[in-house]
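Subject: Handover of a structure and notes on its contents

Dear colleague,

Please find below the structure that I am handing over to you. My notes on it follow directly after.

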Amino acid sequence: MRISTRFILIGTQHGENVGAAARAMKTMGFDDLALVAPSDPKVLHRHKVIKRANGANEVLKNAGLLASLDEAVCDRTVACDTGMPFGMFRTRQKRDYVEPRVCFNKLAAGAGAGEGGGELRLALDFGAPKIRCAGRTSKVY
């Protein structure tokens, strides 16, 4: 089974974080980066970002700059929010924790049996919990 993973950074405030994320992605063999509503629309061309990417310029060059999370996940079979749900800090509600290895094994098994021809198109989004998809429910893992 093929797994395609897109990393989505939402509402980034500090350009250097984009460069660092690109470098980390390249180190781990990933190359699909999308930025949703960054505070600086020219972030991908800033010298400090390119310098922080340090060898991952291809990841930056191919990164998508998008206006909404809907655009970033429209071609994905699974979208996972990685941040704390908005308002979670105000409650003592019990949350279930799923170990990442268990979560991804379940996702991969489901993709093999479902549509997509045995391909899991995964989106992992990081950042601003207030920005969410209009017509999609994402599960927090």
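The notes below cover the strands, the salt bridges, the aromatic pairs and a few individual residues.

This is a predicted model, in which local features need pLDDT of at least 70 and side-chain atom pairs count only at pLDDT 80 or more, while totals for chains, interfaces and linings use all residues. Residues are numbered from 1 along each chain as its sequence is written, and side-chain values use heavy atoms, with hydrogens and water left out.

Strands

Helices (H or I, at least four residues) and strands (E, at least two) are DSSP runs, numbered from the N terminus. Buried means under 20% relative accessible area, exposed means over 50%, and partly exposed lies in between (1.4 Å probe, protein chains only).

Together with helix H1 (residues 15-27), strands E1 and E2 make a right-handed β-α-β unit. A crossover is right-handed if, with the strands pointing away from the viewer, the path from the first strand over the helix to the second runs clockwise.

Salt bridges

A salt bridge is a side-chain nitrogen of Lys or Arg within 4 Å of a carboxyl oxygen of Asp or Glu. By this rule the count comes to 7 salt bridges.

Arg6 takes part in a salt bridge with Asp32, with N to O at 3.1 Å. Asp32 lies in strand E2 and Arg6 in strand E1, so this pair ties together parts that are 26 residues apart in sequence. Arg6 also forms a salt bridge with Asp75, where the closest N and O atoms are 2.9 Å apart. Asp75 lies in the loop between helix H4 (69-73) and strand E4 (78-81), so its pair with Arg6 in strand E1 ties together parts that are 69 residues apart in sequence. Arg6 is buried at a relative accessible area of 12%, whereas Asp75 is partly exposed at 32%. A network of salt bridges links Arg6, Asp32, Asp75 and Arg76.

Arg121 has its place in strand E5. Its salt bridge is with Glu119, the closest N and O atoms being 4.0 Å apart. The side chain of Arg121 also reaches the backbone oxygen of Asp75 at 2.7 Å. This is a polar contact, meaning a pair of N or O atoms within 3.5 Å; within protein, one must be able to donate a hydrogen and the other to accept it, and residues adjacent in sequence count only if both atoms are side-chain atoms. Arg121 is partly exposed, at 23% relative accessibility. Arg121 and Ile3 are 6.0 Å apart in space, C-alpha to C-alpha, although 118 residues apart in sequence.

Aromatic pairs

Rings of Phe, Tyr and Trp (its six-membered ring) pair if their centres lie within 6.5 Å; planes under 30 degrees apart count as stacked, over 60 as edge-to-face and the rest as tilted. The structure holds 2 aromatic pairs. The rings of Phe7 and Phe30 have centres 5.0 Å apart and planes at 70 degrees, so this pair is edge-to-face. Phe7 lies in strand E1 and Phe30 in the loop between H1 and E2, so the pair ties together parts that are 23 residues apart in sequence. Phe7 counts as buried, at 12% relative accessibility, while Phe30 is partly exposed at 29%. For Phe7 and Phe126, the ring centres are 6.2 Å apart and the planes at 10 degrees, so the pair is stacked. Ring pairs link Phe7, Phe30 and Phe126 into a cluster.

Backbone angles

Ala37 has a positive phi of about 45 degrees although it is not a glycine. Ala37 is in the loop between E2 and helix H2 (47-53).

With kind regards
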